[in-house]
Structures are given as structure tokens and as C-alpha cells.
Amino acid sequence: MEYIKSFIIALVTTIIFITAVEMIAPDKPIKKYIKFVLNLVLVSVLLNPIVYLFTKGEGEIIGAIEKYEQILSQGTISNDNSAVNDTRVEAFKENLNKNCAMLLEDKFDGKKFECDVICTVDLENMTYNIEKINVGVKDNKIKLIEKIKIDTSKSTEVMSSNEEIEGSEEIIDYLTEELNVSREKIEVYKVERSE
């Protein structure tokens with residue numbers, strides 16, 4: 001940076017000097033020789049950075065680039081390694097959830113699935129261990145509403161019915177076979193349709 005600053009100062013000084021000499025030079029045939037010499041001085045000032053670049057400048061430029069690379073790499077490597085690994089693990093888990101849902105949707109037509117696979121991922125060894133799989137099942141069929149009886153003489157407790165999810169055993173068997181996971185780690189629940 002310092003070299004560029006000194007080059008610009010030398011160039012401006014040379015241009016001012018050339019202009020001053022041309023103004024005071026006589027209008028005789030000697031003026032064209034003076035102009036020729038002054039233009040040679042200007043060309044030498046302009047070529048000076050190019051000569052410097054080929055002789056010493058290359059080493060300085062490479063040294064400056066390496067210095068900035070070291071500064072950048074020291075600051076980013078330590079902070080970014082853990083962030084990059086966390087991002088990769090989250091992306092792997094998200095893809096595993098999507099792939100699990102797609103496998104189930106391909107196998108069981110007419111149903112939509114939401115999967116939440118809880119697992120530990122080791123990116124160094126490229127392994128993962130599934131701890132639990134939660135599978136939400138949405139049935140695309142229209143469900144008939146059961147008749148509701150209101151009896152005001154009895155208690156006002158809300159009664160809920162835990163209905164059995166149709167095909168849950170088949171879903172568990174399929175996931176056990178496809179993902180090589182024990183049955184105890186798979187939980188199937190029903191997700192209400194929202195429209």
C-alpha cells in the first residue's frame with residue numbers, strides 16, 4: 001500500500017514538472033526535443049511499478065496474500081468447525097426424517113406421515129444410532145363424524161377416545177425391517193387432518 005502511495009506522488013509530481021517546463025520552453029525547434037525528453041521521463045515513471053513488480057514486488061505480494069490468509073484462517077477455522085459440524089448433523093437428521101416419511105408414503109398409499117427420528121450422528125465415522133422414531137400418521141380419507149349425545153344431567157367431563165391407528169403394526173414392522181431398528185424404539189400416533 002505504501003508503494004502505491006509513493007508511486008502516485010511521483011506520478012503527480014512528474015506531470016506538474018512536465019507541464020511547468022513546457023510552459024516556459026521557447027517556441028523554437030528545440031521545443032520538440034524538450035517535449036521528447038520530458039515524455040521519456042514520464043514513461044520511465046510509469047514503467048517503474050512494472051519493473052518493481054517483476055523484481056521485488058512478486059515476493060511482497062505473495063507475502064501479503066499469505067499473511068491475510070493466515071489471519072483469516074486462524075479466525076474462522078476454530079469457530080466454524082463446530083458450527084459446520086452442527087449444521088451437517090442437523091441436515092442429516094432432517095434428511096433422515098424426510099426419507100423415512102417418503103419410504104412410508106411409498107409403501108402405504110392414502111396416508112401421509114410425519115417422522116421425528118431421534119438419533120446420534122458420528123460424522124467422522126459416518127455412522128448413526130437411532131434411539132427413537134416417532135411416526136405421525138395422517139389419513140387422507142374423509143372420516144365420518146360419530147353421533148354426539150349430550151346429557152346435561154350427568155357430569156360435564158370431556159371424554160376422549162384413544163382409537164387404534166389402522167395399520168400401526170404394519171408400519172412398525174416395515175420400519176423395523178427397513179431401518180434395522182427394534183420395535184420398542186418406534187412409536188406410531190395419529191395426526192388429525194387440518195384443512
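## Close-up views of a predicted model

View 1. Val 43, Leu 47, Ile 50, Val 51 and Phe 54 make a nonpolar surface patch of about 490 Å². The model is predicted, and so are the details in every view that follows. Val 43, one of the patch residues, belongs to helix 2, which spans residues 30–107. Its relative accessible area is 42%, so Val 43 counts as partly exposed.

View 2. Thr 14 sits in helix 1, residues 2–24. Thr 14 is buried, because its relative accessible area of 11% falls under the 20% limit. A polar atom of the Thr 14 side chain lies 2.7 Å from the backbone oxygen of Ala 10. Leaving aside residues up to four places away in sequence, Thr 14 touches Val 41, Leu 42 and Val 45.

View 3. Across the whole structure, a search finds 3 aromatic pairs. One of them joins Phe 92 and Tyr 128, with ring centres 5.4 Å apart. The ring planes meet at 55°, so this pair is tilted. The pair links distant parts of the chain. Phe 92 is in helix 2, while Tyr 128 is in strand 2 (residues 127–139), and 36 residues separate them. Phe 92 is partly exposed, at a relative accessible area of 29%. Tyr 128 is partly exposed too, at 41%.

View 4. The rings of Phe 108 and Phe 113 have centres 6.1 Å apart. Their planes stand at 55°, so the pair counts as tilted. Phe 108 is buried, with a relative accessible area of 12%. Phe 113 is also buried, with a value of 6%. Together with Tyr 174, Phe 108 and Phe 113 form one aromatic cluster.

**View 5. A salt bridge between Asp 27 and Lys 31.** The structure holds 6 salt bridges. One of them pairs Lys 31 with Asp 27. The closest N and O atoms of this pair are 3.7 Å apart, and the cut-off for a salt bridge is 4 Å. How exposed are the two partners? Lys 31 is partly exposed, with a relative accessible area of 28%. Asp 27 has a relative accessible area of 71% and is exposed.

View 6. Glu 94 and Lys 98 meet through their side chains in a salt bridge, at 3.3 Å from N to O. Both residues lie in helix 2. They are 4 residues apart, about one turn of the helix. Glu 94 has 44% relative accessibility and counts as partly exposed. Lys 98 is partly exposed as well, with a relative accessible area of 46%.

View 7. Glu 169 forms a salt bridge with Arg 183. The closest N and O atoms are 2.3 Å apart. Glu 169 lies in helix 3 (residues 168–179) and Arg 183 in the loop between helix 3 and strand 3 (186–190), so the pair ties together parts 14 residues apart in sequence. Glu 169 counts as partly exposed at 45% relative accessibility. Arg 183, at 34%, counts as partly exposed. Salt bridges with shared partners join Glu 169, Asp 173 and Arg 183 into one network.

**View 8. Met 126, a loop residue with positive phi.** Met 126 is not a glycine, yet its phi is positive, at about 55°. The residue lies in the loop between strand 1 (111–122) and strand 2. Is Met 126 buried or exposed? With 69% relative accessibility, Met 126 counts as exposed.

View 9. Asn 180 has a positive phi of about 55° and is not a glycine. Where does Asn 180 lie? Its place is in the loop between helix 3 and strand 3. Arg 183 of the salt bridge with Glu 169 is found in the loop between helix 3 and strand 3. Asn 180 counts as exposed, because its relative accessibility is 72% and the limit is over 50%.

How values were computed. Residues numbered from 1 in each chain as written. Predicted model: local features only at pLDDT ≥ 70, side-chain atom pairs only at ≥ 80, totals over all residues. Heavy atoms only, no water. Patch = residues over 30% accessible without salt bridge, like charges linked within 9 Å, V, L, I, M, F, W, Y side chains within 5 Å. Areas by Shrake-Rupley, 256 points an atom, 1.4 Å probe, with all protein chains shown as cover. Helix = DSSP H or I, 4+ residues; strand = E, 2+ residues; numbered from the N terminus. Buried < 20%, exposed > 50% of the residue type's maximum accessible area, 1.4 Å probe, protein only. Phe/Tyr/Trp six-rings, centres within 6.5 Å; stacked < 30°, edge-to-face > 60°. Polar contact = N/O pair within 3.5 Å; in protein donor to acceptor, adjacent residues only side chain to side chain. Contact = heavy atoms within 4.5 Å.
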